[in-house]
Amino acid sequence: MGGGPAGAALATFLRQDGHRCLVLERATFPRYHIGESLIPHTYPAFDRLGLLPKLKASCFPAKYSVRFVSPSGGDSDPFYFSETIEGDRARTWQVERSAFDQMCLDNARDRGVDVQMNTKVIEVLFDNERAIGVRARRDDGEILEIKARVVADASGRATLIGSQLGLRSPIPGLEKASCWSYYKGGTRGEGIDAGETTMFMIPGRGWFWYIPLPDDLVSVGIVASPQYLFAETDDPDTVFLREVAKCAPLSERLASAQRVGPVRGMLHLAYVNRKTCGDGWVMVGDARAFLDPIYSSGLFLAFTSAELAAGCIHHALRADDVSAARLGAFEPALAAGVEVFWRLVCAFYDETFSFREFVQRFPDQRAALIDCLVGDVVGKDMRPFLAALAQMTEPPPPLVS
């Protein structure tokens, strides 16, 4: 359910293992989507999916680093991915999502995946507690009942299974909203810094992203508490333009730029499902959870969860055992990696915490911090890093107890 990157990747991996896959997508591609910045540890998955030649031939800007800018305008040194990754894998891309998502879905089709667009899943069908298929409706009104040995929820923020079973809930202490738009002609760095992601900090632990895209476009967005952003007005245009004007280092980059897109917004960013797999079903990508865009982890977790889930689904089908235990065997490793991101998100929003001071105090953990920024956290022992982090910011409760 869902033809975005997570669904397309999961279906492609399964098809490569010899399984029949059907992707049901309610929209017509290409379609708009936010979430444009990749992190390097998606590179191996792109290689296995056969996407690397397409990405290397694309017009997507190459991304080699991330940079944080303080409210006063002071730049941090860039965190270059090459500090912990050698060779070509030390880069990734800033993607225009309508083109990137189309690329992923076309790649799935090319490898034999059956894709049906304009088909909305109405509900997942269960026999007792086991998922056995879906009921869907085409745009022309035709109702379909499709049986399947495994149902995978890759429906993104719609979280179809989570909504149907009442599993989705907000994340206490992480109440964030966002507004964003696009500019043409914004200032970029030079050389390998031209495609970097830049984060501009604002007082009160809010921040802007600045992501270079093709055709001289820049994606610019703010993330902060909804109480701060919408205290005076609920109009996204007013809020966004007010905050851009208040952020001097960002305004300088946009001084000669022209806004070319509408202001879009989202009032509640973060959520989690209390359960993410069951008998006959699994969740992947944003259908599982969404924390925060600060570390650009969304697409990484989409591809990582898709590949891990595909391996478990493959073995479950071969064993003719689609129990939750079989299908969810990947959960502990993935959950541990997500927990690292969760700890980092909470550290970022802790007003007493500074990554600059963290690196100064624990220089031996700089490489581990960059591992987090590149996504190398799943299946890796991050306990020394988390122990150091706990000495500077109180650990939050586990994301899912």
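User: What makes α9 roughly antiparallel to α11?

Analyst: The axes of helix α9 (residues 298-318) and helix α11 (residues 331-348) cross at roughly 170° and come within 11 Å, the axes being lines fitted to C-alpha atoms over the stretch in contact, with angles from 0 to 180 degrees between N-to-C directions. Because angles over 145 degrees count as roughly antiparallel, α9 is described in that way relative to α11. Residues are numbered from 1 along each chain as its sequence is written.

User: Which residues make the contact of α9 and α11, and how many of them are charged?

Analyst: With contact meaning heavy atoms within 4.5 Å, α9 contributes Phe300, Leu301, Thr304, Ser305 and Leu308, while α11 contributes Leu334, Val338 and Phe341. By class there are six nonpolar, two polar and no charged residues, where Asp, Glu, Lys and Arg count as charged. Side-chain values use heavy atoms, without hydrogens and water, and in this predicted model local features need pLDDT of at least 70, side-chain atom pairs count only at pLDDT 80 or more, and totals for chains, interfaces and linings use all residues.

User: How do you know that strands β7 and β8 pair?

Analyst: Pairing requires that DSSP finds at least two bridges between two strands, and β7 (residues 119-127) and β8 (residues 130-138) have eight, in the antiparallel sense. Thr119, for example, has Arg138 of β8 as its bridge partner.

User: Why does the radius of gyration of the chain agree with a compact globule?

Analyst: The globule rule, 2.2 Å times the number of residues to the power 0.38, gives a value near 21 Å for 401 residues, and the chain has 21 Å, so the two agree.

Conventions
Helix = DSSP H or I, 4+ residues; strand = E, 2+ residues; numbered from the N terminus. Parallel < 35°, antiparallel > 145°, perpendicular 65-115°, else oblique.
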